[in-house]
Amino acid sequence: MRRKTVLFLWKKNSFAHTNPQRSFHNLNATADTRIKQLCQTNRLTEAVETLKQLVLDKSKPNPSLISCTILLSSLVRRKWHELALSVYNLMVEADIVPDMVTFNIIINSHCQTGRMDYAFKVLETMESAGYIPNVISFNTLIKGFFRAGRVEDALKLFNRMTTKQQTPDLLTYNTVVDGLCKIGKTHEAFGLIAVMLQKGHEADSFTFTTLIDRLCKEGKLQDAKKLLYQMSKEGHDPTVITFTALIDGFCKEGKLDEAMELFYEITSKSLCSDVVTYNALIDGLCKGGKLDEAMKLFNEIPSKNISRTVVTYSILIDGFCKQGKLEEAMKLVSDMHRKNISPTVVTYSALIDGFCKEGKLKEAVKLFNQMPSKIISPSVVTYNMLIDGFCKGGKLEEAMQFFYEMPFKNICPNIVTYSVLIDGFSKQGKLEESMKLFYDMQRKNICPDVVAYSALIDGFCKEGKLDEARKLFNDMQKKNICPTVVTYSALIDGFCKQGKLPQSMKLFHGMLRKNICPDVVAYSALIDGFCKEGRLDEARKLFNDMRRKNICPTVVTYSAIIDGFCKHGKLNEAMKLLYDMPRKNICPNDITYRAVIDGFCKAGKLDEARKLFYEMPNKNIYPSDVMYDTLIESSL
């Protein structure tokens, strides 16, 4: 590529001194017609060979610039960029002088392949050859820079247009607005539109759709909806793409009713939904657990003359897998094969995740082993799902085997991989292995996230190593990693279990100051801690507080406060809570019953204790040996 570029730059100054005997005025009309016909019939390789023979045969005149430009345009349109560049270099060698159109085609080719420095050199060459780049030249380059992630270069070029006596047109503004929106600079995009309107340009459907899409991605759905109505008021008809952006936004926020209203509005405006619209809705319904409605839309697609894609199937398969409906998911895979739609890595990853979550690890591995035969390479996501499945199944050795295999498949473990493994080892109390992974990820420049820190903190707390847990908690905050409710709950539980209520309450109040709502784990730990110290009023206050905040107590919460009341002789209050549990759809367990039976036995109320004891089997709760011993000892 460097040789070709140097050749062109060397030739650029000789455009004005072309050989008159081989100029485009001495046309070989037959050859030109032949090249054009070959381009029209998409026989581009033959067209290139014809051009090459003409250029290399010095006894024949050169092909015209027009036929060369037609060939270049055809090649770039087919994305045959290397061949297009070879034709361009042939032109240069043959002293066929490019014009503005030719230059713009080559700029476009370089932009499409991400070779932005070469594209910019062509612009400079144009100027050296005496051409003033037009708005098409600038628009192509600006779009290319945005696509390559070179935002500053795109904006510099946009600002440079005015100094080059080029007025940005609507396409220029739309390109820059789109580029700014894609990198989340919504405020700047709106500012640019204000400038655009001052310059006399009107926003079109593309402008509105770009802004609506960005607002939806930021979760500003009502603002996006207002813009939709403003768009219509200004006489710009929303397209199906506009509606799909809004539908996708509402689906991602779980606002399915609003999404469906917009879906029906598409039909009322005589627009046709496309597969992307259906995919957005099906995805939203699946994530909202409404699989029957998702399936209804899925079945409706063919009647609208729309073809389902692999994305459509993969979304629905993922939805079924997440609800543990693996049989239905596999039926969809069979349907894909019948329709000659090949599953992708996304499809397989969804299935593998589904089987792992159901504890069917053998089936998950079987699917994983099928992938190479289908010419599908597993991704880091696929490996993470398998590793997570084996960790949750307590099979850490097998999880590590997949971890060690990843580099051999040119897949780098990411932060999720490490966090999943750290969590797995921490839950089994293997903190030494967890810390090795923790240090290993940092050596590989992977910064631990809140998940990794929380897993380690929870592990150390469960082992009673509160100093280490506290060090990690301080370390994460120094690195500006904000603790979550999971982090705080792990620490609160750890301190409570060691009877350190002041420290637990300090953490609890720290959460509230940071607007982190405590969860049932934090409340249950504190209630248990206060009960163990006989501070029942504080425990009751917390219990009532969590219910006021619509945080549902679990069997652990109830068992803790019931045990506290029983140990301090408040049996009536304990029984009220015991009978309250079924009304809240919470089943007492053997720990709950043991607390109450033990309380009645210690109070000498053996009849009430026996009554509860014999009630247990009716609720599929079976007394432990400890309960038998308690009753026998109390009867003696």
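Visitor: Between which two helices is the loop that holds I375?
Guide: Residues are numbered from 1 along each chain as its sequence is written, and side-chain values use heavy atoms, leaving out hydrogens and water. Helices are DSSP runs of H or I of at least four residues, strands are runs of E of at least two, and both are numbered from the N terminus. The loop with I375 lies between α21 (361–370) and α22 (380–392).

Visitor: What is the phi of I375?
Guide: Most residues other than glycine have a negative phi. I375 is not a glycine, yet its phi is positive, at about 55°.

Visitor: Is I375 buried or exposed?
Guide: Buried means under 20% relative accessible area, exposed over 50%, and partly exposed in between (1.4 Å probe, protein chains only). I375 has 80% relative accessibility, so I375 counts as exposed.

Visitor: Where is N410, and what is its relative accessibility?
Guide: N410 sits in the loop between α23 (396–405) and α24 (415–427). Its phi is also positive, near 60°, in a residue other than glycine. N410 counts as exposed because its relative accessibility is 73%.

Visitor: Which residues does G144 contact, leaving aside neighbours within four places in sequence?
Guide: G144 belongs to helix α8 (residues 135–147). With a relative accessible area of 3%, G144 is buried. Contact means heavy atoms within 4.5 Å, and by that rule the partners of G144 are C111 and M116.

Visitor: What is the radius of gyration of the protein?
Guide: The radius is taken over C-alpha atoms, and the globule rule is 2.2 Å times the number of residues to the power 0.38. For 636 residues, a compact globule would come near 26 Å. The C-alpha atoms fill a box of roughly 125 × 55 × 55 Å along the principal axes. The radius of gyration of the protein is 35 Å.

Visitor: Which residues have pLDDT under 50?
Guide: The protein averages a pLDDT of 89, and 94% of the residues score at least 70. Where pLDDT is low, the predicted coordinates should not be read in detail. The stretch under 50 is residues 1–27.

Note on methods
pLDDT is the predictor's confidence in each residue, from 0 to 100.
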